[in-house]
Amino acid sequence: MAMCDAPGIEHERCSYHRLSGRRAWGAITAGLLWIWFVLFPPVLRAGTVEDAYIAGYTASSLEHEFGLRDAALEVHDGLVTVVLVEGSQVDRGKLDAAIKRIPGVLKVDIRDEPAEKLQHRSMREPQAGDAKEQPSGAITTAIEDHSSKWLPSGLLFDPLHADLRWPRFSAAYRSFSTELNVSEGFAGNFGETFALYRNKAPFSGEWEFGVQAGVFSLLDFGRQSVDLVNADYRIGVVSSYRANAWSGFVRLLHQSSHLGDEFLLNNVQVTRINLSFEELDMKIAYDAKSWLRVYGGGGVLLRREPKIGRGTTQWGIEVASPVTFLEGRVRPVAYGDFQANERANWSVSRSLMAGLQLENARIGDRRLQLLFEYYFGPSPDGQFYTRMVEWYGVGLHFFY
């Protein structure tokens, strides 16, 4: 302004600067008022906007992170009520922790209802993710996702954790005490189960079709060159079913086994066998509690080379502690898998694992496990199925 009062300054230029300044301050004031009305609308109730956000976030978490496809929820002033179908074995502690971490949530109430009542509730309310305001001011939404779906998230049948031939990403050190000409071994595995299609099924259940593939290798740490001892290759198709606490699958798989070249050169007494077969098997699991699962089943080898026994059986138990540590990030787990197969004269194998599961309530079923393991029984590695082996070990296992 002082410059405008000085001699020689054109009057039009000063007027232009004054007008520009007023416009700038006007734009800033309008922007601040717009932000104020967006964040603190005087006409809308702030609780409704916040509740709608919580409802949408919670619905997404229930469906995509926890795989819940029969549930309903209500949000009112930060209080989240989740209604699950009776018999649902979802980890309520993990679910409670995940919802409480959503901004704005003050309290969580998890309830159960019969499937018929929950289905009626879902018919009256909007579909997953569509929030609806009730006369009471509460926001409600229903998760009813039994329609057909390609490439769905998650799996209907949970992994068999102590099954040494269940596809996973893992690395384990093993100290052998009997047979196999290996004192120290490294087991490196990679593989996964992928669901391709899912749809509703009888008895308020779901079924899915997918593929399963994995490579299971054993290397000899006792050799300077870390020789490959054996590698088993598996690929198959699997159809799974789940209804509340019950789940199961039918699978047709192919396995072929291959010895390492260095292992054969260093063990001339070993004769290579071209072991390969196709197996049709079925397993059923029951979630007795959210922390306890039992399973069992059997199968038959179809084509096989050489002419080994056809029959296979498997059963086991899995325990995941309902108590977690470090704000829900660490959970103790223990698994036992037992198998008796005709090709090994029905000798029972014992695969025992126990340790810690690293998880996060906001990432659903993805988990990293540090497990100590013990095994005794017929070797699971390729053509050595007639040899009784024993080992102690420790490994990292990653499950999607």
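Me: What volume does the largest cavity have?
Reply: The largest cavity has a volume of about 440 Å³, where a cavity is a set of points on a 1 Å grid over the protein atoms alone at which a 1.4 Å probe fits but cannot get out, and the volume is the space filled by probe spheres set on the points, joined across faces, edges and corners. This is a predicted model, in which local features need pLDDT of at least 70 and side-chain atom pairs count only at pLDDT 80 or more, while totals for chains, interfaces and linings use all residues. Residues are numbered from 1 along each chain as its sequence is written, and side-chain values use heavy atoms, with hydrogens and water left out.

Me: Which residues lie nearest its centre?
Reply: Arg-165, Arg-234, Gln-339, Asn-341 and Arg-343 do, out of 31 lining residues, lining meaning an atom within 4 Å of a point.

Me: How does that lining divide into nonpolar, polar and charged?
Reply: The lining of the largest cavity has nine nonpolar, 11 polar and 11 charged residues, with Asp, Glu, Lys and Arg counted as charged and Gly among the polar ones. Its largest share, four residues, comes from β12, strands being DSSP runs of E with at least two residues.

Me: Switching topic, how many bridges join β16 to β17?
Reply: Nine bridges join these antiparallel strands, and two strands pair if DSSP finds at least two bridges between them. Gly-355 has Leu-371 in β17 as its bridge partner.

Me: And β17 with β18, over how many bridges?
Reply: β17 and β18 pair in the antiparallel sense over 12 bridges, and Glu-373 stands opposite Gly-393 in β18.

How values were computed
On a 1 Å grid over the protein atoms alone, a cavity is a set of points where a 1.4 Å probe fits but cannot get out, and a pocket is an open set with protein on both sides within 12 Å along at least five of seven lines; lining residues have an atom within 4 Å of a point.
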